[in-house]
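Hi,

Here is the structure I promised to pass on to you. Have a look at it, and then read my notes below.

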Amino acid sequence: MSRYQAGDPVVFRMSKASSHPGRRARSVDAAPRGELYTYSVDKFWVVAEVQPDGKLLLKTRRGKEHVVAEGDARLRPARWWEKLLYHDRFPKLENVS
């Protein structure tokens, strides 16, 4: 039994690297020479489908899809206050197929 259901808002912590981290960057670390930074960014997605093999089909606000294992350490259910504060960052539930 999955702890997620279709329509559940989730937060996925994505790792990134660039020379200019954005304002939403967390855990920013500089490379040894300082030319690049590695950091993570929270992505606010919605579960579109729970697949039989235990993987989740996640949808972004712009319609992209990602398949992620349910036990992925970077994935977690959205907290109540994130749903309230960041409601505009989650895809609309009626867009979830």
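Strand E1 is joined to strand E6 (residues 75–77) by three bridges, and the two run antiparallel. Strands here are DSSP runs of E with at least two residues, helices are runs of H or I with at least four, and both are numbered from the N terminus; two strands pair if DSSP finds at least two bridges between them. Opposite Val-11 stands Arg-76 in E6.

This is a predicted model, where local features need pLDDT of at least 70 and side-chain atom pairs count only at pLDDT 80 or more, while totals for chains, interfaces and linings use all residues. Residues are numbered from 1 along each chain as its sequence is written, and side-chain values use heavy atoms, leaving out hydrogens and water.

E1 (residues 9–18) also runs antiparallel to strand E3 (residues 37–50), with ten bridges joining them.

Now for the inside. The largest nonpolar core has nine residues, among them Phe-12, Trp-45, Leu-58 and Val-68. A core is a set of buried Ala, Val, Leu, Ile, Met, Phe, Trp, Tyr and Cys residues joined through side-chain atoms within 4.5 Å; buried means under 20% relative accessible area, exposed over 50%, and partly exposed in between (1.4 Å probe, protein chains only). E1, E3 and strand E4 (55–59) each give two or more residues to this core. A second, separate core of five residues includes Val-11 and Phe-90.

Finally, Leu-85 lies in helix H1 (residues 80–85) and is exposed, with a relative accessible area of 56%.

Happy exploring!
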